[in-house]
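Reader: I am new to this structure and would like to learn how to read it. Please take me through its features one at a time.

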Amino acid sequence: MPNSGVKPQPGIPLFDTVHPLRRQASPTGRNLALRLGRPLFRHCSSYRLKVPQTVVERGIFFVKIFVTGGAGYIGGTVSQMLTEKGHEAVIFDNFRHGRRDLLPSGAQFIAGELADRQTLENIFSSARQNLQPFDAVLHFAALIEAGESMQRPEIYFRNNTAGTLSLLEAMLACGPRRLIFSSTAAVYGEPESIPIEEDARLEPTNPYGQSKLLVEQMLVWFNRIHGIKYASLRYFNVAGAREGPNGVTRGEAHEPESHLIPLILDVALGHRPSIRIYGDDYPTPDGTCIRDYIHVSDLADAHLLALDALDERTEKQPPLIYNLGNGRGFSVRDVVSSARRVTGHPIPEVIEPRRPGDPAILVASSTKAMRELRWKPRYTGLDDIVRTAWLWHQKRYRA
Ligand SMILES: NC(=O)c1ccc[n+]([C@@H]2O[C@H](COP(=O)([O-])OP(=O)(O)OC[C@H]3O[C@@H](n4cnc5c(N)ncnc54)[C@H](O)[C@@H]3O)[C@@H](O)[C@H]2O)c1
């Protein structure tokens with residue numbers, strides 16, 4: 001791997017640590033086998049020799065992952081899962097929409113901006129020089145509001161598309177050659193058929209979706225020309241909160257919030273008088289839009305499986321592209337009804353006109369991820385997803 005020659009800068013923010021890392025395991029295994037509990041060595045490099053005996057004995061490789069956007073909802077959940085499994089997560093976030101108070105325990109964090117390629121290179125090269133290189137990048141950092149992108153497309157292309165280019169250039173210079181990219185159902189636009197397969201037409205109806213599709217298109221060439229191995233995961237509507245032995249640990253806390261489930265739960269908590277339903281004249285059974293809700297823990301599982309799958313691929317093989325959804329559609333009214341059942345609150349609704357660019361139905365076919373990654377979502381019922389979101393919502397506001 002070429003070294004960019006970039007010297008580590010003393011000025012780089014230190015690796016702040018929320019809690020001291022469990023560093024008994026070497027994070028430098030090149031093999032990204034993340035599934036714990038079975039022998040995992042396949043084609044290990046000399047780094048293997050550095051793995052402490054105790055870890056080798058357990059047949060487990062721990063990995064070191066650079067997590068952009070890890071102070072946000074999904075990146076934070078995945079980082080927490082990584083650290084709970086003994087891996088090392090280094091979060092990189094500008095905290096514009098991230099939450100310092102919700103940083104997962106055990107993860108390190110660096111405050112920084114994607115566009116700052118020099119800082120990214122410094123981080124990657126210092127890690128290399130310390131013989132603790134990153135094994136992969138999980139790239140969650142993005143602006144995520146489709147509605148806002150219709151008002152200010154430029155900030156979406158700069159932040160999401162140009163920001164990712166800066167990250168990719170830093171990776172080429174001295175970073176890891178594996179990437180998991182957070183893509184979105186918004187790359188499809190108005191679907192021609194339901195459920196949506198990965199090879200469906202890609203025609204975003206807003207700049208947010210376009211900014212992500214442009215990244216997917218760049219990645220094709222970075223793979224072909226530079227051998228960057230990547231998986232592009234197209235999430236549908238991510239919801240719910242991660243549960244641990246002591247209850248829910250983290251869930252959605254977007255500010256401003258535009259996602260349906262937390263908005264409905266705001267009503268149940270008395271923070272809003274009613275929930276606005278945009279259009280009840282769609283060609284769906286109850287007239288409201290139908291969406292596919294995927295639990296954030298199931299989504300997190302898919303990232304670990306995708307990392308593992310990447311490891312088994314050669315640079316010449318085509319990249320991995322997967323829809324991540326529940327495969328079941330729920331209307332806005334289904335979600336409101338579920339929240340009424342879960343919270344016991346009447347949740348008044350107000351009907352508003354349709355919003356431009358809202359497709360009637362968006363439901364994923366996730367059979368490819370289930371078949372190839374052996375991914376098995378556990379939260380398939382809507383009430384279960386809403387239940388965890390409700391537990392989190394109450395906890396969040398009590399805190
Ligand atoms: N939440 C969903 O339902 C959903 C659906 C489809 C796709 N996605 C994708 O998943 C990813 C994570 O979404 P989320 O819901 O966790 O969003 P989020 O807003 O909670 O997290 C995004 C994080 O990225 C950080 N960030 C943004 N731009 C940055 C930059 N230039 N430099 C450094 N940090 C930056 C923000 O501060 C924030 O902490 C995004 O890429 C989003 O497009 C989310």
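Author: What follows goes from the whole chain to the ligand, and then to single helices and bonds. This is a predicted model.

Reader: Where do I start with a prediction, and what is the mean pLDDT of the chain?

Author: Start with the confidence. The mean pLDDT of the chain is 85, and 84% of its residues reach 70 or more. Over residues 1-59, however, the pLDDT is below 50. That stretch still has 108 contacts in the model beyond near neighbours in sequence. As a general rule, coordinates predicted with low pLDDT should not be read in detail.

Reader: How many helices and strands does the chain have, and what share of its residues count as buried?

Author: There are eleven helices and 16 strands. Of the 399 residues, 49% count as buried.

Reader: Which residues come nearest to the ligand?

Author: The ligand has 27 residues around it, and G69, G72, G98, A142 and V238 come nearest. By type, the shell divides into twelve nonpolar, twelve polar and three charged residues.

Reader: Which elements each supply at least two residues of that shell?

Author: They are helix 2 (73-84), helix 5 (153-174), strand 6 (178-184) and strand 8 (237-239). Helix 2 gives the largest share, three residues.

Reader: How do I read a single helix? Which residues of helix 9 are buried?

Author: Helix 9 covers residues 332-343, twelve in number, and reaches 16 Å from its first C-alpha to its last, close to the 16 Å expected. Its buried residues are V332, V335, V336, S338, A339 and V342. These residues cover an arc of only 160 degrees around the axis, so they are on the same side of helix 9.

Reader: What do the buried residues of helix 9 pack against?

Author: Their partners are helix 7, strand 11 (275-278), strand 14 (329-331), strand 15 (349-352) and helix 11. Just after helix 9 comes G344, with a positive phi of about 75 degrees.

Reader: Helix 11 is one of those partners. What span should its 17 residues have?

Author: At 1.5 Å a residue they should span 24 Å, and the end C-alpha atoms are 24 Å apart, which agrees. Buried residues in helix 11 include L382, I385, W390 and H393.

Reader: Why does I385 count as buried?

Author: The cut-off for buried is 20 or more other C-beta atoms within 10 Å. I385 has 28 of them, so I385 is buried. Leaving aside neighbours within four places in sequence, I385 is in contact with A239, G240, Y293, H295 and Y379. I385 and R242 are 143 residues apart in sequence, yet their C-alpha atoms are 9.9 Å apart in space.

Reader: Which peptide bond near residue P195 is cis, and where does P256 lie?

Author: The cis bond joins I194 and P195, with omega about -5 degrees. P195 has its place in the loop between strand 6 and helix 6 (207-226). Another cis bond joins E255 and P256, with omega about 0 degrees. P256 lies in the loop between strand 10 (247-250) and helix 7 (260-268).

Reader: What phi does F95 have, and is R374 buried or exposed?

Author: F95 is not a glycine, but has a positive phi of about 60 degrees. F95 lies in the loop between strand 3 (88-93) and strand 4 (108-111). With 13 C-beta neighbours inside 10 Å, F95 counts as partly exposed. R374, not a glycine either, has a positive phi of about 60 degrees. The loop between helix 10 (367-372) and helix 11 (382-398) holds R374. R374 is exposed, with 11 other C-beta atoms within 10 Å.

Technical notes
Residues are numbered from 1 along each chain as its sequence is written. This is a predicted model: local features need pLDDT of at least 70, side-chain atom pairs count only at pLDDT 80 or more; totals for chains, interfaces and linings use all residues. A residue is near a molecule or strand if its C-beta atom, placed from the backbone, lies within 6 Å of it. Helices (H or I, at least four residues) and strands (E, at least two) are DSSP runs, numbered from the N terminus. Ala, Val, Leu, Ile, Met, Phe, Trp, Tyr, Cys and Pro count as nonpolar, Asp, Glu, Lys and Arg as charged, and the others, Gly among them, as polar. A residue is buried if 20 or more other C-beta atoms lie within 10 Å of its own, exposed if 12 or fewer, and partly exposed in between; C-beta atoms are placed from the backbone. The expected span of a helix is 1.5 Å times one less than its number of residues. The arc is that of the directions from the helix axis to the C-beta atoms. Two residues are in contact if their C-beta atoms, placed from the backbone, lie within 7 Å. pLDDT is the predictor's confidence in each residue, from 0 to 100.
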